[in-house]
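These are my notebook entries on one protein chain. I set down what I looked up, entry by entry.

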Amino acid sequence: MSGHVRLLIDGAAALVTLSNPAKFNAMSRAMWRELRQVFNELQQRSDVRAVRVAGEGGHFCAGGDIAEYTDFRFHPEGLRDFHESDVWGGLSAMLACDLPIVAQIEGNCMGAGVEIASCCDVRVAGQGARFGAPIAKLGFPMAPREAELVVREVGLATARQMLLEAAVLDAPTMLVRGFLQGVLHDADVPAEALQRVLRMTRLAPQAARMNKQALRALSHGQNAEALLATAYDYADSAEHREGIAAFLAKRPPIF
């Protein structure tokens with residue numbers, strides 16, 4: 001079994017590390033399952049307010065662990081189980097997490113890396129980061145749910161370029177196309193991602209969860225009217241009262 005997904009909690013901030021450094025953090029089947037477990041746990045924790053996702057050793061994630069592929073890819077049942085249970089299990093756990101997630105992208109961000117980054121709310125990358133999904137060189141397409149996710153986040157034109165040309169794009173290009181929210185010198189990426197997470201931990205946690213729930217619903221085709229039934233139940237919450245009171249008193253809020 002190669003690779004692990006590690007979880008480190010430091011106060012209200014969590015760090016999720018993709019760790020398979022000998023393969024630039026390529027995702028093994030075990031890692032997909034661990035990713036699901038980690039984000040299911042984070043969803044249940046009340047002490048964590050924001051999450052950073054990073055790769056070990058200067059790369060985010062170079063894709064899937066191809067050394068495992070001959071074990072299951074050559075018959076439909078095994079292939080379906082891999083994509084719909086292992087891969088989508090991990091990705092859907094990230095998508096269902098109500099905590100803000102920041103992607104710290106360094107080096108290679110390919111295939112599975114683009115998919116994992118697509119599950120994050122904010123993405124910052126180093127100037128040397130590279131993005132793509134050149135799986136056409138391996139003779140297979142992107143699975144439908146994964147393709148839908150990537151198209152939603154990178155845009156249809158960029159997804160076409162990645163999948164049909166096997167194009168590899170640099171970080172400045174992905175910034176211009178709206179996938180990234182920041183591009184920095186490579187050495188500055190960890191500190192920038194951490195600072196963004198720490199800023200999030202100082203904001204209202206209930207509001208963050210509600211915003212993530214609303215954004216998730218809207219991105220899946222629900223309209224605002226469908227959210228009205230419970231949209232204002234926070235009115236008498238302590239967090240709401242504290243935020244308004246702190247503003248009026250000209251002091252920082254304590255959430």
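Which strand is joined to strand E2 (residues 13–19), and how many bridges join them? I found that six bridges join E2 to E3, and that the two strands run parallel. Strands pair here if DSSP finds at least two bridges between them. Helices (H or I, at least four residues) and strands (E, at least two) are DSSP runs, numbered from the N terminus.

I noted the basis of the values before going on. The model is predicted, so local features need pLDDT of at least 70 and side-chain atom pairs count only at pLDDT 80 or more, while totals for chains, interfaces and linings use all residues. Residues are numbered from 1 along each chain as its sequence is written, and side-chain values use heavy atoms, with hydrogens and water left out.

Entry: strand E3. I looked up the cover of E3 (residues 50–55) and found six of its six residues buried. Buried means under 20% relative accessible area, exposed over 50%, and partly exposed in between (1.4 Å probe, protein chains only). Ala50, Arg52 and Ala54 are buried on one side, and Val51, Val53 and Gly55 on the other. In a regular strand the side chains alternate between the two faces of the sheet. I also noted that Val16 stands opposite Val53 in E3.

Entry: nonpolar cores. I took a nonpolar core as a set of buried Ala, Val, Leu, Ile, Met, Phe, Trp, Tyr and Cys residues joined through side-chain atoms within 4.5 Å. The largest has 56 residues, of which Phe39 and Phe131 touch the most other members. Helix H2 (residues 76–96) gives the most to this core, with seven residues. Apart from it lies another core of 10 residues, among them Ala50, Val122, Val189 and Val197. I then listed the contacts (heavy atoms within 4.5 Å). Leaving aside neighbours within four places in sequence, Phe39 is in contact with Val16, Val51, Val53, Ala93, Met94, Cys97 and Ile101.

Entry: Arg29 and its partners. Arg29 is buried, at 15% relative accessible area. A salt bridge is a side-chain nitrogen of Lys or Arg within 4 Å of a carboxyl oxygen of Asp or Glu, and the structure holds 15 of them. One joins Asp81 to Arg29, the closest N and O atoms being 3.1 Å apart. Because Asp81 lies in helix H2 and Arg29 in helix H1, the pair ties together parts that are 52 residues apart in sequence. Asp81 is partly exposed, at 38%. I recorded a network of salt bridges that links Arg29, Arg33, Asp81 and Asp86.

Entry: two further salt bridges. Asp121 and Lys212 form one, with the closest N and O atoms 2.9 Å apart. Asp121 lies in the loop between helix H3 (112–118) and strand E6 (122–126) and Lys212 in helix H8, so the pair ties together parts that are 91 residues apart in sequence. Asp121 is partly exposed, at 36%, whereas Lys212 is buried, at 9%. Arg251 and Glu242 meet in another (2.7 Å, N to O).

Entry: backbone angles. Asn25 has a positive phi near 65°; it sits in the loop between E2 and helix H1 (29–44) and is buried, at 0% relative accessibility. Lys250 has a positive phi of about 55°; it lies in the segment after H9 and is exposed, at 77%.
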